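Colleague: Could you take me closely through the charged side chains of this model, and in particular through the part where salt bridges share partners?

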Amino acid sequence: MTKAAAELRVDFVSGAVAHRLRFGGGRGQALAKAMGLRAGKTPMIVDATAGLGRDAFLLASLGAQVVMIERSDIMHALLADGMARALAEGGEFREIIGRMTLLKGDAKDLLPDLAGEAVLIDPMHPPRKNSALVKRELRQVRAIVGTDEDAADLVRLALGCARNRVVLKWPSKADPINVGRACSHQILGKSTRYDIFMVG
């Protein structure tokens, strides 16, 4: 096991994730709006690049059924471990984890069979141009999963599979990924933007 993998832990019960669960702002959050969660509408979501599982957990906490896909063996194992611990916690955590399904494999192979209403793609972000060190945790994730050179291919494939929308989560100042078409609209945050492609 690499040093990054040994130090990294997926934690849904405490820390940043728990804080976001309590004080995040519910369906008014940019991610929830981008994915199409609104009053009376809770789409079935596929998180094609699960990573630490935080976005999937947030969406599941808002009532969505979320299928997570992770192709890295190490990240998949860390996610499964984090989900098991949250499940054991019981109560609200058990309920949220009950709406999350974790699949192992390449999203390009699995997406066509999933028929998700909304697909979230959050590829490994390009290194920042400024010198501020990226959060240690994200450096550890990058050390495990690499750079997601096939992000554009994944978005293009998702556009043919999603029933309602594909959402690309990307640094607000980064150049767009060229997927052959412009997004329908964007939701901009301080450091993150959501490029939303409406389909179907």
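Modeller: Asp-195 and Arg-193 are both buried, and their side chains meet in a salt bridge with an N to O distance of 2.9 Å. The model is a predicted one, and a search of the whole structure finds 15 salt bridges. Salt bridges with shared partners join Arg-20, Asp-55, Asp-122 and Lys-169 into one network. Within that group, Lys-169 forms a salt bridge with Asp-122, the closest N and O atoms being 3.8 Å apart, and this pair links distant parts of the chain, since Lys-169 lies in strand E5 (residues 165–171) while Asp-122 lies in the loop between E4 and helix H8 (136–145), 47 residues apart. Lys-169 counts as buried because its relative accessibility is 13%, under the 20% cut-off.

Asp-55, which has its place in helix H4, is likewise counted as buried, at 8% relative accessibility. Leaving out residues up to four places away in sequence, Asp-55 touches Arg-20, Leu-31, Asp-47, Leu-120, Asp-122 and Lys-169.

According to UniProt, in an unreviewed entry, the feature "binding site" is placed at Arg-54, Asp-55, Glu-70, Arg-71 and Asp-122; of these residues, Arg-54 is included in the lining of the largest cavity. Arg-54 is in helix H4 (residues 54–61) and is partly exposed, with a relative accessible area of 29%. Beyond its neighbours within four places in sequence, Arg-54 is in contact with Phe-12, Val-17, Arg-20 and Glu-137.

Technical notes:
Residues numbered from 1 in each chain as written. Predicted model: local features only at pLDDT ≥ 70, side-chain atom pairs only at ≥ 80, totals over all residues. Heavy atoms only, no water. UniProt positions renumbered as here; feature names shortened; annotations may be inferred. 1 Å grid on protein atoms, 1.4 Å probe; cavity = no way out; pocket = protein on both sides within 12 Å on 5 of 7 lines; lining within 4 Å. Helix = DSSP H or I, 4+ residues; strand = E, 2+ residues; numbered from the N terminus. Buried < 20%, exposed > 50% of the residue type's maximum accessible area, 1.4 Å probe, protein only. Contact = heavy atoms within 4.5 Å. Salt bridge = Lys/Arg side-chain N within 4 Å of Asp/Glu carboxyl O.
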